[in-house]
Amino acid sequence: MQLATLDDPAVIRAADPGGMLGLIAGTGRQLLRGFELGTDTGLIPSGEGIDAVVMCGMGGSGIAGDVVRSAFGGVARVPLVVSKGYSLPGFCGRDSLVLAVSFSGNTEETVAAYAQAIARGCRVVTVCAGGELAALSEADDTPRVSIPGDVSMPRAALGYLSAATMGVLSSAEVVPPEAEAIRAVANLLDKLAAELEPERPEPENKAKALARWIGERTPLVWATEGPAEAAGLRWKTQWNENAKMAAFCSVLPELDHNEIEGLGEAARSRFAAVILRHPNEHPRMAVRVDATIDALARAGVEAQQVWARGSTPLEAVFSLIMLGDFASAYAAILRGIDPTPVPVLTNLKERLRS
Ligand code: PA5
């Protein structure tokens, strides 16, 4: 059963005791602080001679790497590789810059990847709020960006984690973002937050409207290649963790070569497709999206297109992320679910630790 309205502030406050909506609204502020912290880390390894950047991390921390790759993969002077697991890619060596990103600092896969990077003599930086990774950084004399403790869960710290990563890469002169570009994104996000916050009523609040439109259906989040890709992944994972719902993400054009064939009669009314778009798409993308929506319609699946805001890839990725973050939190509240706790994930980690 869905809530009749998302416009009663008392109901929203009671339904969101962990304050997830407020944390999402603060992403712009986090970006500013995270970038400062990333560029302030005195001991950033020199970027000279670096042949690749490998960003390690899982879940809500690992996506910082996806964001950076989505926004800067097209302009970085070396490959930006995202590594999610225990093992580093084989090419990683002395000239690779490895960032081990873990909010808690205790994620076993990221700690294992960090140990491998140290053993191989890579240039390593850690990004974490504490935990084992912080202790190892200190013991090994590895530069560390310390994430502030005012946020209690990884996925609500994306602004800090991704901007700290960008700060490190900018200091090592691997990717371009300057403080100016980060400020522009932060300003855009503050503006967007005002359009999507709980006080903005449902008829003029895109995030509330999307949450209600998706309802109990499973979201298929389809991103056009480029900056929307990381946003697509984030929408999926936020729908999983905030709304506690299954969700899937894929990228256009690839999905036109397989997934689109899988939406037969059974898909009708079970799925809702959200297509994430951005201004720097390949010229063929417009006609491809139209054709894809027609194919969806023939399978009985409704679709909505969502456009990124801003003009740079970084603005595009974060504007799409903020809309999905708000929408997934509203989706939870609509269904009477607290967006903050992730009990299944937490139990699994406890079991693996014991
Ligand atoms: O959202 C979450 O809580 C998870 O996806 C975590 O980010 C993931 O388990 C990794 O933990 P950490 O971010 O502390 O490294």
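A pocket, as the word is used here, is an open set of points on a 1 Å grid over the protein atoms alone, with protein on both sides within 12 Å along at least five of seven lines. In this predicted model, the largest pocket is the space taken by the ligand.

The overall form of the chain provides the setting for that site. Its secondary structure amounts to 13 helices and nine strands. Along the principal axes, the C-alpha atoms fill a box of roughly 55 × 45 × 45 Å.

The discussion now turns to the surroundings of the ligand. The residues around the ligand are M58, G59, G60, S61, S102, F103, S104, T107, P154, E241 and K349. Sorted by class, this shell holds three nonpolar, six polar and two charged residues. Helix 4, which spans residues 59-72, supplies the largest share of the shell, namely three residues.

Several side chains of the shell can be followed down to individual atoms. S102 places a polar side-chain atom 2.6 Å from an oxygen atom of the ligand. For S104, a polar side-chain atom likewise lies 2.6 Å from a ligand oxygen atom. In the case of E241, the distance from a polar side-chain atom to an oxygen atom of the ligand is 2.5 Å. On its own, the ligand has 370 Å² of accessible area, and the protein covers 92% of this.

Two features of the backbone also deserve attention. The peptide bond that joins L252 to P253 is cis, and its omega is near 15°. P253 belongs to the loop that runs between strand 7 (248-252) and strand 8 (271-277). The other feature concerns D141, a residue other than glycine whose phi is positive, near 60°. D141 is located in the loop between helix 6 (131-140) and strand 5 (144-146).

Key: Residues numbered from 1 in each chain as written. Predicted model: local features only at pLDDT ≥ 70, side-chain atom pairs only at ≥ 80, totals over all residues. Heavy atoms only, no water. Near = heavy atom within 4 Å. Polar contact = N/O pair within 3.5 Å; in protein donor to acceptor, adjacent residues only side chain to side chain. Areas by Shrake-Rupley, 256 points an atom, 1.4 Å probe, with all protein chains shown as cover. 1 Å grid on protein atoms, 1.4 Å probe; cavity = no way out; pocket = protein on both sides within 12 Å on 5 of 7 lines; lining within 4 Å. Sits in = over half its atoms within 2 Å of the grid points. Helix = DSSP H or I, 4+ residues; strand = E, 2+ residues; numbered from the N terminus. Nonpolar A, V, L, I, M, F, W, Y, C, P; charged D, E, K, R; others polar.
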